[in-house]
Amino acid sequence: MWKEENNKLKQTFEFKDFTEAFAFMTRVAFLAEAYGHHPNWSNVYNKVDIELTTHDKGNTITEKDRKLAKAIDELN
């Protein structure tokens, strides 16, 4: 579930192992490119932390972030 914190939508996704986490990141990368909106993220072994904010709107949450978050949820 996405949390709103410090003008960002945040969520941690957990997978069976690194390979599954990396595959998820690859799918998100293609999705983000299609949306023209890219996440701040990090990966440690089986966990992927994603933060969404709109930089060109003053680092705040916009409809772009909400749409991408929904699309990411549909991947998982």
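Reader: What do the numbers rest on?
Author: Residues are numbered from 1 along each chain as its sequence is written, and side-chain values use heavy atoms, with hydrogens and water left out. This is a predicted model: local features need pLDDT of at least 70, side-chain atom pairs count only at pLDDT 80 or more, and totals for chains, interfaces and linings use all residues.

Reader: How many salt bridges does the structure hold?
Author: Six.

Reader: What makes K10 and E5 a salt bridge?
Author: The term needs a side-chain nitrogen of Lys or Arg within 4 Å of a carboxyl oxygen of Asp or Glu. For K10 and E5 the N to O value is 3.0 Å, so the pair qualifies.

Reader: Why is K10 called buried?
Author: Buried means under 20% relative accessible area, exposed over 50%, partly exposed in between (1.4 Å probe, protein chains only). K10 has 17%, so K10 is buried. E5 has 35%, so E5 is partly exposed.

Reader: How do you know that K8 and E51 form a salt bridge?
Author: Their closest N and O atoms are 3.5 Å apart. K8 lies in strand β2 (residues 8-14) and E51 in strand β4 (residues 47-52), 43 residues apart. Strands are DSSP runs (E, at least two residues), numbered from the N terminus.

Reader: Why is K16 called exposed?
Author: Its relative accessible area is 61%, so K16 is exposed. Its salt-bridge partner E20, at 3.9 Å, N to O, has 34% and is therefore partly exposed.

Reader: Which residues do shared partners join into one network?
Author: E5, K8, K10 and E51.

Notes: Helix = DSSP H or I, 4+ residues; strand = E, 2+ residues; numbered from the N terminus.
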